[in-house]
Amino acid sequence: MSNPDTDATRRAYWTAQLEAAYRFMFEAVLPYPVAECGEPLVPLQQAAEMAEVLVQFAERPHVRGLPRLYYLRDGQIPGFIAAAAEMNERGWILRVEDGYRTPEMQKHLGREPQVFDAVLQRVMWELGGQRPTPEFMFRRCSALVASVPKFGTHMSGSAIDISVRHLHDPQRELDRGAPYLEMSEKTPMDSPFVSAEAQRNRQEISALMQRHGFVGYPWEFWHYSSGDAYEQVLGKTGRPAIYGAVSFDPQTLQVTPLPQPDLPLNSFDEIRAEIDAALARAAG
């Protein structure tokens, strides 16, 4: 009996999943209607403290040394607190890895060496060692780090990336098959290339988040959001999204819709330069 877990099956799975994610982004989410409701952003650390729930927040800086912006929309706060409280009750700690992203953050996150190099390595593995074109790299990166504000739900202030820790051992992460920001065939939520325990943990976390209004992004096991186009498309609600890509005033927390949210954040020339730089780093 042949082993179904081969390099060829992993490569085929990676290709099929990232193609599906690209279609989701450009064919379903990009044209989806948004009726921005204008809800302000709310700081999650303050909300957790006021509710007396235990939540962790990653302390490392964001891309370019910028501080991480742990915010969600006002209407999402009850669900966030309830999800965190339920995790505490079952012996877990919700750890927020990322929250709102400015256009600068989103533009440069996909070009950060830690992220870009990992995706490029996987894409070259997919292509049998060949260098990808900027267009192909754009296609793959779009599935993993949103390349357009319209479908960058972190830019809507409606998404969080999460890990889960053990309540009585807060440094130990619940096994989901790989750590946050894994870029491989293990990244899709339903990946068959993680252990049965990791699959079960992913399913239980997603079910918990769903109970409190947050839907998982099918192609990343750490990304959850609500009120945006992801939720409407995945749930087939037929309702317009109420959260779209915005900028915000950190003093008032008021939001302003971004102009031209359907334009790519990085050009093909910029992506070509990043491929050159990544290959130079790899050559050492």
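User: Hi! How do the axes of helix α1 and α6 cross?
Analyst: In this predicted model, the axes of α1 (residues 7-29) and α6 come within 8 Å and cross at roughly 80 degrees. That makes α1 roughly perpendicular to α6, a label for angles of 65 to 115 degrees; under 35 is roughly parallel, over 145 roughly antiparallel, and the rest oblique. Axes are lines fitted to C-alpha atoms, for helices over the stretch in contact, with angles from 0 to 180 degrees between N-to-C directions. Helices are DSSP runs (H or I, at least four residues), numbered from the N terminus.

User: Nice. Which residues make the contact?
Analyst: From α1 there are W14, T15, L18, E19, A21, Y22, M25 and F26, and they meet F138, R139, R140, S142, A143 and L144 of α6. Contact means heavy atoms within 4.5 Å.

User: And by class?
Analyst: The contact of α1 with α6 has 9 nonpolar, 2 polar and 3 charged residues. Ala, Val, Leu, Ile, Met, Phe, Trp, Tyr, Cys and Pro count as nonpolar, Asp, Glu, Lys and Arg as charged, and the others, Gly among them, as polar.

User: What about α5 and α6, how do their axes cross?
Analyst: Helix α5 (residues 113-126) and helix α6 (residues 134-144) have axes that come within 11 Å and cross at roughly 120 degrees. So α5 is oblique to α6. On the α5 side, F116, V119, L120, V123 and E126 meet F136, M137, R140, C141 and L144 in α6. By class, that contact has 8 nonpolar, no polar and 2 charged residues.

User: Switching to cysteines: is C141 buried or exposed?
Analyst: C141 is buried, with a relative accessible area of 15%. C37, at 38% relative accessibility, counts as partly exposed. The cut-offs are under 20% for buried and over 50% for exposed, with partly exposed in between (1.4 Å probe, protein chains only).

User: How many disulfides does the count come to?
Analyst: The count is 0 disulfides, taking a disulfide as a pair of cysteine sulfur atoms within 2.5 Å.

User: Last topic, A47. Where is it found?
Analyst: A47 lies in helix α2 (residues 44-51) and counts as buried at 11% relative accessibility. Leaving aside neighbours within four places in sequence, A47 is in contact with I77 and I81. A47 and Y71 are 24 residues apart in sequence and 9.6 Å apart in space, C-alpha to C-alpha.

User: What about the numbering and the pLDDT limits?
Analyst: Residues are numbered from 1 along each chain as its sequence is written, and side-chain values use heavy atoms, leaving out hydrogens and water. In this predicted model local features need pLDDT of at least 70 and side-chain atom pairs count only at pLDDT 80 or more, while totals for chains, interfaces and linings use all residues.

How values were computed
Helices (H or I, at least four residues) and strands (E, at least two) are DSSP runs, numbered from the N terminus.
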